[in-house]
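Colleague: Please take a close look at one part of this structure for me. Start with the overall picture, then zoom in.

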Amino acid sequence: MMVLPAPAFSEAGMAVCILFILLVPLAGVGLALINTGLGRSRSAAHSMLASLCVIAVAALVYFACGFAWQGYLGRPAHVVILAGKGWNWLAAEPLFLRGLKLDGSPASLALWLEMLSVGLAALIPLGSGADRWRLPASCASTALLAGITYPLFAHWIWGGGWLAQLGVNYGLGRGFVDAGGGSSIQAVGGLTALAIAWILGPRLGKYSPEGIPAAIPGHNAVLVLLGCALTLVGWLGLNSAGAILFTGVAPSGTVLAAVNTTLAAAVAALAAAMITQIRFGKPDASLVANGWVGGLVASSAACASVTPATAVFMGLVAGVLVIFAVELFEVRLAVDDPSGAISVHAVAGIWGVLALGLFARFPGAAGQWLAQLIGVATLLGFVLPLTYGLNWLLNRFYPQRASMEGERLGMDVSELGATAYPEFVIHTEEFIPR
Amino acid sequence: MKLAGFLLLLAGWAIVIFAVALLASAGQRLGFVLAGIGVETLGLVLAFRSHLVAAEDRG
């Protein structure tokens, strides 16, 4: 039975990979700032604390059981035989990393990157549940994401699982390819964000009795835009490290990944700025920020597999898609997603995965688009029901939404007992004529 | 109705999986994969529709 081998690289390659992984936490900082800035001021401290807590929970749960179920290329796994072919569906590692030497091997570096990536995925639903998602419930939901949903899907693509084997087993290109986590991090996080938004329902006052949405603008555009700048640095590390560890790209090949990542974000942000300028008369800061991150997300899967010109096109489409998807979810589908997480991470992530199938240029790419399509079908047909079901069950036993009174007061006061901006009031004496 | 939507999503995915595993001809495989995705699309529409109906009831 064919087992996909782990990539081999030199000491220098290992050092480069470590440097890239060190950048990845900046993507998390950026997402946390974006989520906080796009929420209300009375929930700002809660949002930042929740970001820290979910990253912590994700790392611990991933250490306890996540990696045991995700595994890595060439390592032990459970395989079922279906019509004569081996389908690798779950890793068979011991719990608590007992079977893994942390010695700079590709598997150990992949573990480190994944431990950070699962935190990134967990930050995404925080954006859609902003201003109404209780802190303990968000931690419990993160445990489900880091312990079940994420490792399962990530094993299928990065652990040598059945999606990665589509090429070897069925001649579909190289099997499902995703260098930087456009599917496993972004789309899984984005679909979980959709499940959370469905379960929590809209914020108080978001929709009128006739279903007309009210604009609830984010409270701090500076935080949002600073977050965007930090996400670029984090994404450069994420996509480059992922390209080395999960698609076998040589360290020199990460230049292409970094260039494509930057171009996709740049074009997506400009496309979003132009569209909002045309539609509203002025560029909208929060939507441009969404476009920027949407471009980064769209670049993730194909960053090391397409030309820079294709990355520009992918970014352009992502920027346009995100703007219209935000409006579709908010206005037509009555999904209250304060940070646009579903559009930015699920929609743009899926676009990036499909774009790889359409535009990737490498030897033996015939059938690649069908492998990518099967991956998308798995995200929608398996991951979405799974993550919704798990969170629905959690909500039955442990309600996830804050009380009406708590939401009215703001999550800072109701859950933390103090606000993020204690002096954030108008001091009347400053306006007394002297 | 949302449950029916999710069941359709799972059914669509099952069609895709079995098309890959059991069908040898590329054309048949492609046809059934697309059919599975079609069923998933119906499931998504149903899930969103049920959310809209629930929102209207709340309003």
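Modeller: Chain A has 15 helices and 2 strands. Its radius of gyration is 21 Å, close to the 22 Å from the globule rule for 434 residues, so chain A is as compact as a globular protein of that length. Keep in mind that this is a predicted model. Along the principal axes, the C-alpha atoms of chain A fill a box of roughly 80 × 45 × 45 Å. Of the 434 residues in chain A, 60% are buried. Take the contacts in chain A between residues at least 6 apart in sequence: 80% of them join residues at least 24 apart.

Now the close look. A:Gly190 sits in helix H7 of chain A, which covers residues 182–200. Is A:Gly190 buried or exposed? A:Gly190 counts as buried because it has 31 C-beta neighbours inside 10 Å, and the cut-off for buried is 20 or more. Which residues does A:Gly190 touch, leaving aside neighbours within four places in sequence? The contacts are A:Ile124, A:Ala341, A:Ile342, A:His345, A:Ala346 and A:Gly349. A:Ser128 is 62 residues from A:Gly190 along the chain, yet their C-alpha atoms are separated by 8.9 Å.

Last, the partner chain. The contact between the chains takes 23 residues from chain A and 21 residues from chain B. On the chain A side, helix H13 (residues 368–397) gives the largest share, 11 residues. By class, that side of chain A has 18 nonpolar, 3 polar and 2 charged residues.

Methods:
Residues are numbered from 1 along each chain as its sequence is written. Chains are lettered from A and ligands numbered from 1 in the order in which they are written. This is a predicted model: local features need pLDDT of at least 70, side-chain atom pairs count only at pLDDT 80 or more; totals for chains, interfaces and linings use all residues. Helices (H or I, at least four residues) and strands (E, at least two) are DSSP runs, numbered from the N terminus. A residue is buried if 20 or more other C-beta atoms lie within 10 Å of its own, exposed if 12 or fewer, and partly exposed in between; C-beta atoms are placed from the backbone. Two residues are in contact if their C-beta atoms, placed from the backbone, lie within 7 Å. Ala, Val, Leu, Ile, Met, Phe, Trp, Tyr, Cys and Pro count as nonpolar, Asp, Glu, Lys and Arg as charged, and the others, Gly among them, as polar. The radius of gyration is taken over C-alpha atoms; the globule rule is 2.2 Å times the number of residues to the power 0.38.
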